[in-house]
Amino acid sequence: MVCLKNLIRLKYFLIIFLLVLICILLALKIFTEYKKQENLAFNPEIQEFNSSIDLFRDNNQDLSDNIFKNYNYDQELNTSFLEKNSSIDDNNITNYKSNFDLNTSFSEQNLSSSDLNSSSLIQEMDTIKKENINQSKNNHTKKPKLVIIIDDMANSKQVSELKKLNLKLTPSFFPPDKTHKNTPQLASEFKFFMVHLPLEAINYNKPELNTLKVSDSKEHIDAMIKSIKKEFKGLRYINNHTGSLFTSDENAMRKLLASFKKQDFIFVDSKTIGKTKALKLTKEFNQPYIQRDVFLDNEDNVSYIKSQLKQAIDLAHKKGFAIAIAHPRKNTFKALEESKEMLLDVNLVYLNEIYGN
């Protein structure tokens, strides 16, 4: 009898022990997920990197000259590497079409002189011609699309370096202020460009002069966005520079997106914080939610940048397209130059080739 009671007690003890163990495991899982979200929400490496870019841009033009001294600038090279390949394909198609048209014309003349009814033959030849042209174009469009945005664009040195790559990259320029007055003129040299709008960060000690703050009035934000519309002709897309505090504040983002709506701009979320309100509010304003997928150069290291670029390409293959962000740094440009063969696996495009307008 005593033995039976002991067994019952042992059974109850084991049940209690298992329940306690399950509770501990659940608590550990919740804590781990919280830490993951916290890490996603704010990446100090991004701010450290942007700070170094600002220091490089504002205070050290001589250092900029040394960084880029090994490059030969070519102002004429505006056509991207992939665009050139595409142009070659288009030329081949055009030549093929011309030759076929000549052959068709010659055949028509011969058939006409022989009093033959050539209508069905000509139609068959025209069908073959169109099939060949469409097949060549389809080979180009089957590849997934990749957008690479180069943030923090501010001076002519960076523009020259970007053009020298001969890749279809998207420069994103700071709005003009006294430290970089000519960004609208520099932007006009590109077929497609964006504006890199400074927004208030949670913890960042080197903000741009005209950074929009959470506390700014609707009138102030409206005036800033209206000024950007006036300065940058043909602008459509704007992404945020820093902005972890601003983009996570619903009221501030509502004011900003209302101004965007007035000026016919589309917001591109650089995702400097996981708690961004852009997803919720773009739906409210009936705009597409566009977000950055991969930061290429959180680490200023060529091998790291290449591995991030590979990640962006793999993501593009999985979902059909991807958006990456990088910065105008020596190692970033070097990594992109050395990755041209890898980039042939995708179509480098501008945002409007995905979202239109």
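**Reading helix packing in a predicted model**

Tutor: In this predicted model, helix α12 (residues 302–319) and helix α13 (residues 330–337) pack with their axes 9 Å apart, at an angle of about 55°.

Student: Which residues make the contact of α12 and α13?

Tutor: On the α12 side they are Val302, Ile305, Lys306 and Leu309, and on the α13 side Asn331, Thr332, Lys334, Ala335 and Leu336. By class, these contact residues comprise five nonpolar, two polar and two charged.

Student: What span does α12 have from its first C-alpha to its last?

Tutor: One sets the end-to-end reach against the span expected at 1.5 Å a residue. For the 18 residues of α12 the reach is 26 Å, close to the expected 26 Å.

Student: Which residues of α12 are buried, and what covers them?

Tutor: A residue counts as buried under 20% relative accessible area. In α12 the buried residues are Val302, Tyr304, Ile305, Gln308, Leu309, Ala312, Ile313 and Ala316. Val302, Ile305 and Leu309 also belong to the contact with α13. The cover over the buried residues of α12 includes α13 itself, α14 (340–343) and the strands β1 (145–153), β7 (294–295) and β8 (321–326).

Student: At what angle do α8 and α10 pack?

Tutor: Helix α8 (residues 218–231) and helix α10 (residues 250–263) pack at about 40°, with axes 9 Å apart, and their crossing is right-handed. Here Lys218, Ile221, Asp222, Ile225, Lys226 and Lys229 of α8 meet Lys255, Leu256, Ser259, Phe260, Lys262 and Gln263 of α10. The residues of this contact divide into four nonpolar, two polar and six charged.

Student: Is Leu167, in the loop between α6 and β2, buried or exposed?

Tutor: The accessible area decides, with under 20% counting as buried. Leu167, which lies between α6 (156–164) and β2 (170–173), has a relative accessible area of 8% and is therefore buried. Its C-alpha atom is separated by 8.7 Å from that of Glu337, 170 residues away along the chain.

Note on methods. Residues numbered from 1 in each chain as written. Predicted model: local features only at pLDDT ≥ 70, side-chain atom pairs only at ≥ 80, totals over all residues. Heavy atoms only, no water. Axes fitted to C-alpha atoms, helices over the stretch in contact; angles between N-to-C directions. Helix = DSSP H or I, 4+ residues; strand = E, 2+ residues; numbered from the N terminus. Contact = heavy atoms within 4.5 Å. Nonpolar A, V, L, I, M, F, W, Y, C, P; charged D, E, K, R; others polar. Expected span 1.5 Å × (residues − 1). Buried < 20%, exposed > 50% of the residue type's maximum accessible area, 1.4 Å probe, protein only. Left-handed = near helix turned anticlockwise from the far one by under 90°.
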